[in-house]
Amino acid sequence: MVLRKSGSLFRLACRLGASGCKVDGETARLLDEMADALGVAAQIGNDVSDVLRFDLKNDLLQRKKTLPVLYMLSDPEDRFPPLRSYYEGEASLALFLSRKQECLNYIRESGRVEYAEAIQSIYRNRALKALSELPGDPYPKQQLRERLLLSLGGSL
């Protein structure tokens with residue numbers, strides 16, 4: 001789902017950027033691979049940020065089913081039942097908000113953020129690998145690599 005949504009937006013941007021160039025089939029494949037991976041990595045980064053904030057943009061309050069949220073809802077031990085109750089419509093927003101600090105503690109201690117960040121890292125590395133395999137001048141590719149790492153996290 002994330003790939004279809006965010007990957008397609010990045011793919012469109014890459015294709016528009018390459019539209020004035022003669023791109024062979026392998027280069028087009030690498031551009032699509034890079035764009036798809038960038039889209040997923042960026043979306044996961046956004047989802048992690050949104051699950052950790054507790055204002056109106058918080059994905060939990062909106063009952064969005066993002067990667068970190070789905071992972072928390074799949075907790076077999078159900079260590080924070082108010083989350084499942086809220087998502088299933090059994091608990092009100094007011095009740096859920098009254099346990100906000102407990103929820104944030106659960107998120108931070110559950111390993112769900114680290115899991116999402118690990119998945120994000122996998123996709124970031126896929127994007128960087130595809131970028132490195134693209135033909136062309138290494139200097140602009142290095143500049144793009146540095147910008148991607150700044151925006152998606154990671155080390156040079």
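The following dialogue examines how the terms applied to this predicted model rest on its values.

Guide: This is a predicted model, in which local features need pLDDT of at least 70 and side-chain atom pairs count only at pLDDT 80 or more, while totals for chains, interfaces and linings use all residues. Residues are numbered from 1 along each chain as its sequence is written, and side-chain values use heavy atoms, with hydrogens and water left out.

Visitor: What makes up the secondary structure of the chain?

Guide: The chain has 8 helices and 0 strands, where helices (H or I, at least four residues) and strands (E, at least two) are DSSP runs numbered from the N terminus. Along the sequence the pattern reads α-α-α-α-α-α-α-α. The C-alpha trace spans about 55 × 25 × 25 Å along its principal axes.

Visitor: Why is helix 2 called roughly antiparallel to helix 7?

Guide: The axes of helix 2 (residues 25–52) and helix 7 (residues 112–133) come within 8 Å and cross at roughly 155°. That angle makes helix 2 roughly antiparallel to helix 7, since angles under 35 degrees count as roughly parallel, over 145 as roughly antiparallel, 65 to 115 as roughly perpendicular and the rest as oblique. The axes are lines fitted to C-alpha atoms, for helices over the stretch in contact, and the angles run from 0 to 180 degrees between N-to-C directions.

Visitor: Which residues of helix 2 and helix 7 meet?

Guide: On the side of helix 2 they include Leu30, Met34, Ala37, Ile44 and Val48, and on the side of helix 7 they include Val113, Ile119, Tyr123, Ala127 and Leu131. Contact here means heavy atoms within 4.5 Å. The residues of this contact divide into 16 nonpolar, 2 polar and 5 charged; Ala, Val, Leu, Ile, Met, Phe, Trp, Tyr, Cys and Pro count as nonpolar, Asp, Glu, Lys and Arg as charged, and the others, Gly among them, as polar.

Visitor: How do you know that helix 7 is roughly antiparallel to helix 8?

Guide: Helix 7 and helix 8 (residues 138–152) pack at an angle of about 170°, with their axes 10 Å apart. That makes helix 7 roughly antiparallel to helix 8. Gln120, Arg124, Leu128, Leu131 and Ser132 in helix 7 meet residues of helix 8, among them Leu144, Leu148 and Leu152.

Visitor: Why is aspartate 50 called buried?

Guide: Aspartate 50 has 3% relative accessibility and therefore counts as buried; buried means under 20% relative accessible area, exposed over 50%, and partly exposed in between (1.4 Å probe, protein chains only). Aspartate 50 lies in helix 2, and, leaving out residues up to four places away in sequence, touches Lys57, Asn58 and Asp59.

Visitor: Is aspartate 36 buried or exposed?

Guide: Aspartate 36 counts as buried, because its relative accessibility is 16%. This residue too has its place in helix 2.

Visitor: What makes asparagine 46 partly exposed?

Guide: Asparagine 46 counts as partly exposed because its relative accessibility is 32%. Asparagine 46 lies in helix 2. Across the chain, 38% of the 156 residues count as buried.

Visitor: What is noted about phi at arginine 63, and where is arginine 63 found?

Guide: Arginine 63 has a positive phi of about 55° although it is not a glycine. Arginine 63 is found in the loop between helix 2 and helix 3, and is partly exposed because its relative accessible area is 35%. Aspartate 78 likewise has a positive phi, of about 45°, although it is not a glycine. The place of aspartate 78 is in the loop between helix 3 and helix 4, and its relative accessible area of 28% makes it partly exposed.

Visitor: Which residues touch the most other members of the largest nonpolar core?

Guide: Of the 22 residues in that core, they are Leu60, Met72, Leu83, Phe96 and Ile107. A nonpolar core is a set of buried Ala, Val, Leu, Ile, Met, Phe, Trp, Tyr and Cys residues joined through side-chain atoms within 4.5 Å. Helix 2, helix 3 (67–73), helix 4 (81–87), helix 6 (100–110) and helix 7 each supply at least two residues of this core. Apart from it lies another core, of 17 residues, among them Ala37, Leu38, Ala127 and Ala130.
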